[in-house]
Amino acid sequence: MSSHTEPLDFNLNKCFLTGAPLSGPRQEINIFPEWLLGRYQLNGKLFKLLEGTMLPYQELKVPCSPEAFNAITPLEDRIQKAFTEGYDAVKALPEEILFQWMAEIVFGIAYLDISIAAEREMKRGGGFQLPAPLLRRLSHLRLMLQSLVVPTDFEGQKPWSIAVFKVNYSKDIFNFRDDPINLFFSLGINGFGIVACLGDNGAVQAAEQPLLDKLVNKTLHPVQFEEVCARFVYRNYLLKTQQEYAVDMVDGKRIVRPSATENAGFHPWSNDMFSQLLAEYWKPWGLEKKDIIRFAEAPISYLQNEYTNQIVEPESIGLPF
């Protein structure tokens, strides 16, 4: 068996990407690249892991083999160049490049999080076991991320949903959210925003496409971008089935395709639950659930007029940036 398909065990003595055992002193890589830490003054700022540990951004590191390090470095260079240039350069990047970069961060955070939790349980003398669906989801994500070190073709529907927007952010804003359990990522910086579900087989994007089509060529107000993010998160949560993939090796290349012929769809949308989630995203503007939804009414939206379904023009929104 290739080291690239080693079982996923979150061992800090193995490469987070390939599973290969590491020799000698621990080799590590920053989950958040150094250029990003420096540009947005993140050194010293605390990041809260799901299991509760607070670590400075610069201490968020995962074990990394030389092979993986050499694959990630050019990816970072390409991302840094595009992110520094702004929206047009980011929009021009292939989705697979954006996916690899976001997946490296989300999977890296999950790997570190789970490693720390497992180590803590072992010290207490207890066992540690991840729920099977989560382990499968993270295994799939690492399989996709290994496209950095294993030649890979994604056939059929891409495993992800990714949308990039022009957003009215100042150059010093760093607005990051992730959910390593549900494989969600969003980032708003330097006049653009990216939102992604990294393991939904494109189902979320397909469901939201009518809205996304209306947003083409718009420069969104940040409150609108946050609403899009909330919609992606909630749609992802409503997916009925966990995605599965068929994987073949052909002439040294890994072929990945969705194993289901069609998507099984979504559970029913609840305006009440969505409004509760949206309130989290709209906290910077002081909006609470009671401001967003009232009994028997649709939740308010800064994206679409509820009567005409026309897009709300960003310039008409009176909230601060």
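Reply: Let us begin with burial, where a residue counts as buried under 20% relative accessible area, as exposed over 50%, and as partly exposed in between. The model shown is predicted. Phe 107 has a relative accessibility of 0%, so Phe 107 counts as buried. Tyr 111, with a relative accessible area of 1%, is buried.

Me: How is a pair of aromatic rings described?

Reply: The description uses the distance of the centres and the angle of the planes. A search of the whole structure finds 26 aromatic pairs. In one of them, the rings of Phe 47 and Phe 176 have centres 6.4 Å apart and planes at 40°. Planes under 30 degrees apart would count as stacked and over 60 as edge-to-face, so this pair is tilted. Phe 107 and Tyr 111 also form a tilted pair, at 5.9 Å centre to centre with 55° between the planes.

Me: Which parts of the chain does the pair of Phe 47 and Phe 176 tie together?

Reply: Phe 47 belongs to strand E2 (residues 46-48) and Phe 176 to strand E7 (residues 174-179), so the contact ties together parts that are 129 residues apart in sequence. Both Phe 47 and Phe 176 are buried.

Me: Which aromatic residues form one cluster?

Reply: The cluster includes Phe 47 and Phe 176. Among its other members are Phe 32, Trp 35, Tyr 40, Tyr 57, Phe 83 and Trp 101. Phe 174, Phe 185 and Phe 192 also belong to this cluster.

Me: Where does a charged group sit over a ring?

Reply: The charged end of Arg 39 is placed over the ring of Tyr 40, at 4.6 Å from its centre. Another case is Arg 235, which lies over the face of Phe 266 at 5.7 Å from the ring centre.

Me: How many salt bridges are there?

Reply: The count comes to 18 salt bridges. The idea is that a side-chain nitrogen of Lys or Arg lies within 4 Å of a carboxyl oxygen of Asp or Glu. Lys 14 and Asp 9 form such a bridge, with their closest N and O atoms 3.1 Å apart. The accessibility of Lys 14 is 19%, so Lys 14 counts as buried, whereas Asp 9, at 39%, is partly exposed.

Me: Is Lys 290, which meets Asp 291 in a salt bridge, buried or exposed?

Reply: Lys 290 is exposed, with a relative accessible area of 55%. The N to O distance between the two side chains is 3.6 Å.

Me: Which residue forms a salt bridge with Glu 155?

Reply: The partner is Arg 257, and the closest N and O atoms are 3.2 Å apart. Glu 155 lies in the loop between strand E5 (152-154) and strand E6 (161-167), while Arg 257 lies in strand E12 (residues 253-258), so the bridge ties together parts 102 residues apart in sequence. Glu 155 is partly exposed at 35%, and Arg 257 is partly exposed at 29%.

Me: Which residues are linked with Arg 39 in a network of salt bridges?

Reply: Lys 171 and Asp 172 are linked with Arg 39 in that network. Arg 39 is also the residue whose charged end sits over Tyr 40.

Me: In which sense do E5 and E12 pair?

Reply: They pair in the parallel sense, over three bridges. Within this pairing, Thr 152 has Arg 254 in E12 as its bridge partner. Strand E11 (residues 245-250) pairs with E12 in the antiparallel sense over six bridges, and Ala 246 stands opposite Arg 257 in E12. The hairpin of E11 and E12 has two residues between the strands, and there Asp 251 takes a positive phi near 50°.

Me: What is the order of the open sheet of five strands?

Reply: The order is E7-E8-E9-E6-E10, with mixed pairing. E7 and strand E10 (219-220) are the edge strands, each pairing on one side only. E6 and strand E9 (residues 192-197) run antiparallel and are joined by six bridges. Phe 165 stands opposite Gly 193 in E9.

Methods. Residues numbered from 1 in each chain as written. Predicted model: local features only at pLDDT ≥ 70, side-chain atom pairs only at ≥ 80, totals over all residues. Heavy atoms only, no water. Phe/Tyr/Trp six-rings, centres within 6.5 Å; stacked < 30°, edge-to-face > 60°. Helix = DSSP H or I, 4+ residues; strand = E, 2+ residues; numbered from the N terminus. Buried < 20%, exposed > 50% of the residue type's maximum accessible area, 1.4 Å probe, protein only. Lys NZ or Arg CZ within 6 Å of the ring centre and 35° of its normal. Pairing = 2+ DSSP bridges.
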